[in-house]
Amino acid sequence: RRGYSSAGAAEYLHRSIVPTMHYQKSLPRLPVPKLEDTIRRYLNAQKPLLNVDQFRKTEELAHQFEKGVGRELHEQLVAQDSQNKHTSYITGPWFDMYLKARESIVLNFNPFMSFNPDPKSEYNDQLTRATNMTVSAIRFMKTFRAGYLEPEVFHLNPEKSDTQLFKNIIRFVPSSISWFGAYMVNAYPLDMSQYFRLFNSTRLPKLNKDELYTDEKAKHLLVLRNGNFYIFDALDRDGNMLKPSEIQAHLKYILSDNSPAPAFPLGYLSSENRDTWALLRKNLLDNGNEEALQKVDSALFCLSLDDFPIKDFVHLSHTMLHGDGANRWYDKSFTLIIAQDGTAAVNFEHSWGDGVAVLRFQNEVFKDSTKAPAISPQSQPASVDSSRAVRKLDFKLNDALKAGITKAKEKFDATVGSLSLNLIQFNEGGKEVLKQKKVSPDAVAQLAFQMAFLRQYNQTVATYESCSTAAFKHGRTETVRPASVHTKKCSEAFVREVSKHSTEELQNLIVECSKYHGRLTKEAAMGQGFDRHLFVLRHLALSKGIALPDFYQDEAYARINHNIISTSTLSSPSVQLGGFGPVVSDGFGVGYQVHDDWIGCNVSSYPARNGKEYLQCIHKSLEDIFNVLKGKKIGS
């Protein structure tokens, strides 16, 4: 099956003949858009959200900004960017945005993505799956660090570029120009600079601004069960992985340990306000917990084993998005969560990286653990003394720390208690039908979200769709603004005046939305949105101590950045569903997937909004759109 090392298990997922970081040096740089393009795009996005008078005021402020202080800031940014060719203009400000945010990272930042079950049902046993996924995760890490992981490439024409022949040629092209070689065959290598933070990494709470910490020398795994923290070495001193049967033995030992849950579970602290947590952490360190915390922070990753099975998709979403707070350490770069019935997911801290790196990790771990599992349900654990190899971490808590944990738990319980999660599956069509009708599947999903909100609340509001800019060196994300004059016009036709339009007219409105959305998505992926550019100009003004320009003090600017509908999509053979919290208290968090013949939506909300009703409206909107595309007449 593969080469076995002295440790007795395959150490690597695969050995790519093209080195992992082969393209990194020659990736194109993220462009700073022209200021006039940014202002034009900004005003286009504002149009559907404002009335005539409001728009006139915003337009005036935007043009003043473009001619005056905005121009100066833009020129400073361009000059600064040309002096920092090793990175992108968004990198510093974006890290600042995440790391300076003081609110809890739970619900506000950390998303989850759950794995599909193992197709062989007996492999979903908790111990079997935890062992196989842990082994595959370590294989991923070792493959990446050895430079054997296939580079991440977006193939527009895979028949030409995703071939042995191309790989044999491109590996001899120097890495300073290798990107151009891929570009010639319509392949786009993606930035992989975030990947190293997947392992041995954590976010450390500090006053005013957190820090990212990585210690690649550490060899141990952190395992959480019943609120207790355990560690054991998963690599030997030469860096070889332990035999899978030994990892299985140690996990079995942890699963059968009947230590009571701690009276004051430390996990809650990682859900606190970041300044509060920073002060409590200092207290922990001063109270003799430095070595134990060091073990938590430097661990390869965190594996959380939950003692209950998953009831349904809503229960799954609650468990993986936030869980009970005691059996999680939210600061770790990612946590692999495995429930009693083998349901598995990744919950990840968002400052270090974006969905692209985590999704690649999940895809590889799913593929490896299901196609080439390290152990089977019949495998016997190694006869090793786990009581010596596994160490339960003990934390010394004084009264102030106990009070801090109690308060953190109260806040956590109140917040997650107010969160609603609801899901729907629309089974009347998906990608296949939409592609036949020559409309973009993503555009249709986004149009349905607009239509549904109009139906429910009778308005058009600021909407955010995340788009990766990983095609550029140190790219992060750009925002697509799905609410447009086109979606507004189309939604109003469907919701308010369907009887006034022929089916053909409604079809044309959908096509118009699809074309415009396609253009916005393409622009965003090419680094030609407006959100990041304006964000960085504002960041620059503040860092230079310049008075905040009037443009940024406009109510309309605040409103378009108060994203009531925040959306993110992913599609992958290994992921069952994903989700995240609303980004504002009166918003919806919409995770969605458009499959070949169905569409799934997972919506989060707080009491200010009714997520269940919103999903019913989404379902109705999708129904109407599909019927119209199929040429059927619809009623209001």
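Predicted model: local features only at pLDDT ≥ 70, side-chain atom pairs only at ≥ 80, totals over all residues.
A residue is called buried when its relative accessible area is under 20%, and exposed when that area is over 50%, with partly exposed residues in between.

The domain assignment divides the protein into two parts. Domain 1 comprises residues 101-146 + 195-418, and domain 2 comprises residues 420-528 + 548-630. Taken over C-alpha atoms, the centres of the two domains stand 33 Å apart. The size of an interface is often expressed as the accessible area that is lost when the parts come together. Here domain 1 and domain 2 bury about 2,100 Å² between them, and 55% of this area lies on carbon and sulfur atoms. On the side of domain 1, the residues that lose the most area to domain 2 are Phe313, Asp354 and Ser418, which together account for 23% of what that side buries.

Eleven residue pairs are in polar contact across the interface of domain 1 and domain 2. Between the two domains the count is one salt bridge. In the salt bridge of Asp354 and Arg476, the side chains meet at 2.9 Å, N to O.

Side chains of opposite charge can pair when their charged atoms come close. The structure as a whole holds 38 salt bridges. In one of them, Asp368 pairs with Arg139, and the closest N and O atoms are 2.7 Å apart. Because Asp368 belongs to helix α12 and Arg139 to helix α5 (residues 126-145), the pair ties together parts that are 229 residues apart in sequence. Asp368 is buried, with a relative accessible area of 7%, and Arg139 is buried as well, with a value of 1%.

Helix α12 also takes part in another pair. The side chains of Glu152 and Arg360 form a salt bridge of 2.7 Å, N to O. Glu152 lies in the loop between α5 and β2 (153-155) and Arg360 in helix α12, so that the pair links distant parts of the chain, 208 residues apart. Glu152 and Arg360 are both buried.

A further salt bridge, of 3.2 Å from N to O, joins the side chains of Asp624 and Lys620. Both residues lie in helix α22 (residues 611-629), four residues apart, which is about one turn of the helix. Asp624 counts as buried at 4% relative accessibility, whereas Lys620 is partly exposed, at 23%.

Gln248 is found in helix α9 (residues 244-255) and is buried, with a relative accessible area of 4%. Leaving aside residues up to four places away in sequence, Gln248 touches Leu127, Thr131, Ile375, Ser379, Gln380 and Pro381. Ser376 lies in the loop between α12 and α13 (386-389). Its relative accessible area is 19%, so Ser376 is buried, falling under the limit of 20%.

Notes: Residues numbered from 1 in each chain as written. Heavy atoms only, no water. Domains from an automatic or database assignment. Buried area = accessible area lost by both parts, 1.4 Å probe. Salt bridge = Lys/Arg side-chain N within 4 Å of Asp/Glu carboxyl O. Polar contact = N/O pair within 3.5 Å; in protein donor to acceptor, adjacent residues only side chain to side chain. Helix = DSSP H or I, 4+ residues; strand = E, 2+ residues; numbered from the N terminus. Buried < 20%, exposed > 50% of the residue type's maximum accessible area, 1.4 Å probe, protein only. Contact = heavy atoms within 4.5 Å.
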